[in-house]
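Reader: I am new to this structure. Could you take me through how its helices and strands are arranged?

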Amino acid sequence: MQNDHVKSAEELALMRRAAAVTDDVYDHLLSCVREGVTEKELADEVLKKTRELGAEDISFDTIVAFGESGAEPHHVPTDKPLERGMLVTVDMGAVVGGFCSDFTRTFAFGDVGEEERSVYDIVYRAQKAGIAAVRPEVMCRAADAAARDIIAEAGYGESYIHGTGHGVGREIHEPPTLNPKSEETLAAGQVVTVEPGIYLAGRMGVRIEDMVLVGEGRPFSRHATELLTLR
Ligand SMILES: [Mn+2]
């Protein structure tokens, strides 16, 4: 029996187009980053550019979070101005032909502190491990654990407050779910996100997210996950 949410070649092509639009929108967003720009202004640019590039729409309300706001995984953009030394988290996606993309990066604006760099490195390694664990016939909770264990071993287990990922397709969130309680098993041809994060209330947050085709193991996005610092 074919597993639910396995994508056809045509569906995958649409998802790759949605991810490519998001990649280009992210380039545009980076070009808009300057001292004093607000979270709302960057989120508005995402909406405008996504439509300009031919997508039907954004796939969910864009998250842009500066500094301590990064500690809220679902932060709603505000008029807060960007200052040097802040981390910036952007979570966004596009809809093309009815299919969604989902993408998150955290980058630095100017020099960030030692803790920011070290937390980033832990999430970076956790995300790589999570992607490597996304293989056919692997239990979703095992893929979650691959990422979660790295964060826990680094002492931030209590600060990883959500699951490692979810299926994506016509819906932005669809089965299977990658979390510690999931009873599901990954199947070749599913597309899931891998998006670990660390959230330190009142201080900072880091999340890195890519879509991955189960059985392929390569992120849809062309954007690297090493810490990017904008000057
Ligand atoms: Mn996601």
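Reader: Which way is the crossing of H3 and H4 handed?
Author: The crossing of H3 and H4 is right-handed (the near helix is turned clockwise from the far one by less than a right angle). Helices (H or I, at least four residues) and strands (E, at least two) are DSSP runs, numbered from the N terminus. This is a predicted model, where local features need pLDDT of at least 70, side-chain atom pairs count only at pLDDT 80 or more, and totals for chains, interfaces and linings use all residues. Residues are numbered from 1 along each chain as its sequence is written.

Reader: At what angle do H3 and H4 cross?
Author: The axes of H3 (residues 114-133) and H4 (residues 140-153) cross at roughly 160° and come within 8 Å. Axes are lines fitted to C-alpha atoms, for helices over the stretch in contact, and angles run from 0 to 180 degrees between N-to-C directions. H3 and H4 are therefore roughly antiparallel (an angle over 145 degrees).

Reader: And the sheet: what is the strand order?
Author: The order is E2-E3-E6-E13, an open sheet of four strands with mixed pairing; strands pair if DSSP finds at least two bridges between them. Strand E2 (63-66) and strand E13 (229-230) are at the edges with a single partner strand each, so one side of each has no neighbour in the sheet.

Reader: How many bridges join E6 to E13?
Author: Two bridges join E6 (residues 103-109) to E13, and these strands run parallel. Thr-229 in E13 is the bridge partner of Ala-108.

Definitions and conventions: Parallel < 35°, antiparallel > 145°, perpendicular 65-115°, else oblique.
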